[in-house]
Every structure is written in structure tokens, then in C-alpha cells.
Amino acid sequence: MGVASYRWKVELPGSVASLKERAAAGFGKRLREIRQRRGLTQTELGAAVGVSKRVITYYERDDAQPPGAVLVHLAQALRQVGLLREAMTTLADFVARPEAAADAALWNLLGMCYDGAGDWKAGEESYRKALALAPEADWLHNNLGYNLLEQGRPTEAITAFEQALKRNRNSVVA
């Protein structure tokens, strides 16, 4: 249908920013391969993620592993440059952690990545997990509604949009 208009939720809850858990083994090699395939320098990737070239070098050499908030920013940067599969892998690895699984904004971002890749069912599942954590978030209902429209389920989409408007009557996207 091509009607998707998502609200990009970029604010990260304090709980995500304070996570000290580390990424999966082999992260550095995967990061270097992604960066090189995209033709980015370490400086360019660092600027996109919000860290220095030196930090990217540490990550790529597996001298250090990024904390959760950096992984989220990395996934956002990967998504923005069209590397949806890599963004999904990064986020899916992260939300598998117990401390990250309870974050609605992360599930929303993962849903947006799935949607961008055309995996509507996985996107729907991510939005529903996010809504279970934050049922009052109008933007989550909105994103679920657009996902359902793309799946050809307009009646369910209308219900989701109505829920978004119920929570925020001034919503410009619902």
C-alpha cells in the first residue's frame, strides 16, 4: 500500500542509557564488515552513532563492547542508511536481553525495521510487545495501525488509530 507514516521515537528512556551489559561475541567483526561494506570511515560511523573514531576502533577490535544505548544509536544509524537487516540483527540481539526486553521504545524501533524490510508479521509482533509495555503510548498504536494497513487489515488498523486518538486527540499522524 505504501501509506506508512511512522512516528520516529528517538528519546531513549534512562534505563536504556544506563545499561552496562555488553554486546554479543563477534560484534566487532560484524561492525567492521557492515561499515566497510557501506563505505563508511570509522569517523563517519562514529559521528552517526555519537561516539568518536577511537571508540569505533575499540569496538571493531573487540577491545570494548558498546553499552545498550550505543547499540540503539547504532541500530538507528544503520536503519537511516538503509541497512535494515543489520539494524534488525543489532536490535534483536539487544532486546533478547532481560534488561532491554522491557523497553517499549526498543520494540517500536525493531518493529519499524521489520516494517521497512517488508516483514509485516514480525513488525506487528514487535509493536504488540511494545504496547504490552506501554499501552498508553499513542505513537505505538499509530505504528501498529500503519503496520496493519500494510497487511491489508483495515478494520484492525482503524481500531489501532482510534486507540491512538483516544490517547492523544491532537495526533497529527493517526
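Q: Does Glu 124 count as buried or exposed, and at what relative accessibility?
A: Start with the cut-offs: buried means under 20% relative accessible area, exposed over 50%, and partly exposed in between (1.4 Å probe, protein chains only). Glu 124 has 9% relative accessibility, so it counts as buried. This is a predicted model, in which local features need pLDDT of at least 70 and side-chain atom pairs count only at pLDDT 80 or more, while totals for chains, interfaces and linings use all residues. Residues are numbered from 1 along each chain as its sequence is written, and side-chain values use heavy atoms, with hydrogens and water left out.

Q: In which helix is Glu 124 found?
A: Helices (H or I, at least four residues) and strands (E, at least two) are DSSP runs, numbered from the N terminus. Glu 124 is in helix 9, residues 120-133.

Q: What is Glu 124 in contact with, leaving aside its neighbours within four places in sequence?
A: Contact means heavy atoms within 4.5 Å. With neighbours within four places in sequence left aside, Glu 124 touches Leu 144, Asn 147, Leu 148, Gln 151 and Arg 153.

Q: Where does Arg 153 lie?
A: Arg 153 sits in the loop between helix 10 and helix 11. Its relative accessibility is 18%, so Arg 153 counts as buried.

Q: At what angle do helix 10 and helix 11 pack, and how far apart are their axes?
A: Two packed helices are described by the angle between their axes and the distance between the axes. Axes are lines fitted to C-alpha atoms, for helices over the stretch in contact, and angles run from 0 to 180 degrees between N-to-C directions. Helix 10 (residues 138-150) and helix 11 (residues 154-167) pack at about 165°, with axes 8 Å apart. The pair is therefore roughly antiparallel. The classes are: under 35 degrees roughly parallel, over 145 roughly antiparallel, 65 to 115 roughly perpendicular, the rest oblique.

Q: Which residues of helix 10 and helix 11 make the contact?
A: From helix 10 come Asp 138, His 141, Asn 142, Leu 144, Gly 145, Tyr 146, Leu 148 and Leu 149; from helix 11, Pro 154, Glu 156, Ala 157, Ala 160, Phe 161, Gln 163, Ala 164 and Arg 167. Sorted by class, this contact has 9 nonpolar, 4 polar and 3 charged residues. Here Ala, Val, Leu, Ile, Met, Phe, Trp, Tyr, Cys and Pro count as nonpolar, Asp, Glu, Lys and Arg as charged, and the others, Gly among them, as polar.

Q: How closely do the axes of helix 6 and helix 8 come, and at what angle do they cross?
A: The axes of helix 6 (residues 84-95) and helix 8 (residues 104-116) come within 9 Å and cross at roughly 150°. Helix 6 and helix 8 are therefore roughly antiparallel. In helix 6, the residues Leu 84, Ala 87, Met 88, Leu 91, Ala 92, Phe 94 and Val 95 meet Leu 106, Trp 107, Leu 109, Leu 110, Cys 113, Tyr 114 and Gly 116 of helix 8. That contact has 13 nonpolar, 1 polar and no charged residues.

Q: How many helices and strands does the protein have?
A: There are 11 helices and 0 strands. Of its 174 residues, 46% count as buried.
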